[in-house]
Amino acid sequence: MPDSDRTTLLNQLFAYVRDELVGDATLTPKITPQTPLLEWGILDSVRTARLLAHLRDNLDVRVPPTHMTGHHFKDVASIADLVWSLRSQPA
């Protein structure tokens with residue numbers, strides 16, 4: 001897939017995290033795709049579950065338990081990379 005598709009995916013995920021998961025309105029303008037979601041407390045167990053449901057329901061991507069690590073969920077860019085790689089794997 002072209003890089004524009006990858007950029008679109010990153011932008012979609014960033015918008016979802018910013019608009020649906022950031023609980024503190026004062027943080028919203030400060031976050032970027034590289035903001036450390038775990039360190040800043042943006043991703044907790046409930047929000048991670050919501051994010052996983054979003055990935056499953058809207059992007060048709062199921063994250064295997066082996067990929068549920070801080071490395072893959074440290075920021076939106078890492079999540080986009082994970083989704084991209086899972087989409088690229090044969091079914």
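L52 touches V63, M68 and F73, not counting residues up to four places away in sequence, where contact means heavy atoms within 4.5 Å. L52 lies in helix 2; helices here are DSSP runs of H or I with at least four residues, numbered from the N terminus. At 24% relative accessibility, L52 is partly exposed, a class that lies between buried (under 20% relative accessible area) and exposed (over 50%), with a 1.4 Å probe and protein chains only. One of its contacts, V63, is 11 residues away from L52 in sequence and 7.3 Å away in space, C-alpha to C-alpha.

The model is predicted: local features need pLDDT of at least 70, side-chain atom pairs count only at pLDDT 80 or more, and totals for chains, interfaces and linings use all residues. Residues are numbered from 1 along each chain as its sequence is written, and side-chain values use heavy atoms, with hydrogens and water left out.

**Core**

The largest nonpolar core has 25 residues, and L13, L51, I79 and V83 touch the most other members. Such a core is a set of buried Ala, Val, Leu, Ile, Met, Phe, Trp, Tyr and Cys residues joined through side-chain atoms within 4.5 Å. Helix 1 (3-21), helix 2 and helix 3 are the elements that give two or more residues to this core. Helix 3 supplies the largest share, 7 residues. For L51, the contacts beyond four places in sequence are Y16, L21, L43, F73 and I79.

**Helix packing**

On the helix 1 side of the contact with helix 3 are D5, R6, L9, L10, L13, F14 and V17, and they meet V76, A77, I79, A80, D81, V83, W84 and R87. By class, this contact has 11 nonpolar, no polar and 4 charged residues. Here Ala, Val, Leu, Ile, Met, Phe, Trp, Tyr, Cys and Pro count as nonpolar, Asp, Glu, Lys and Arg as charged, and the others, Gly among them, as polar.

The contact with helix 2 uses L9, Q12, L13, Y16, E20 and L21 of helix 1, which meet R47, R50, L51, H54, L55 and L59. Its class counts are 7 nonpolar, 2 polar and 3 charged residues.

S78 lies in helix 3 and is buried, with a relative accessible area of 12%. Apart from residues up to four places away in sequence, S78 touches H71 and H72. A15 is in helix 1 and counts as partly exposed at 24% relative accessibility.

**Loops**

The loop between helix 1 and helix 2 contains P33 and L38. P33 touches L10, F14, D75, V76 and A77, leaving out residues up to four places away in sequence. From P33 to N11, 22 residues apart along the chain, the C-alpha separation is 8.4 Å. L38 is partly exposed, at 41% relative accessibility. Its contacts, aside from neighbours within four places in sequence, are L43, G70, F73 and K74. L38 and D75 are 37 residues apart in sequence and 7.7 Å apart in space, C-alpha to C-alpha.

D60 is found in the loop between helix 2 (45-59) and helix 3 (76-88). D60 is exposed, with a relative accessible area of 70%. Its phi is near 55 degrees, a positive value in a residue other than glycine.
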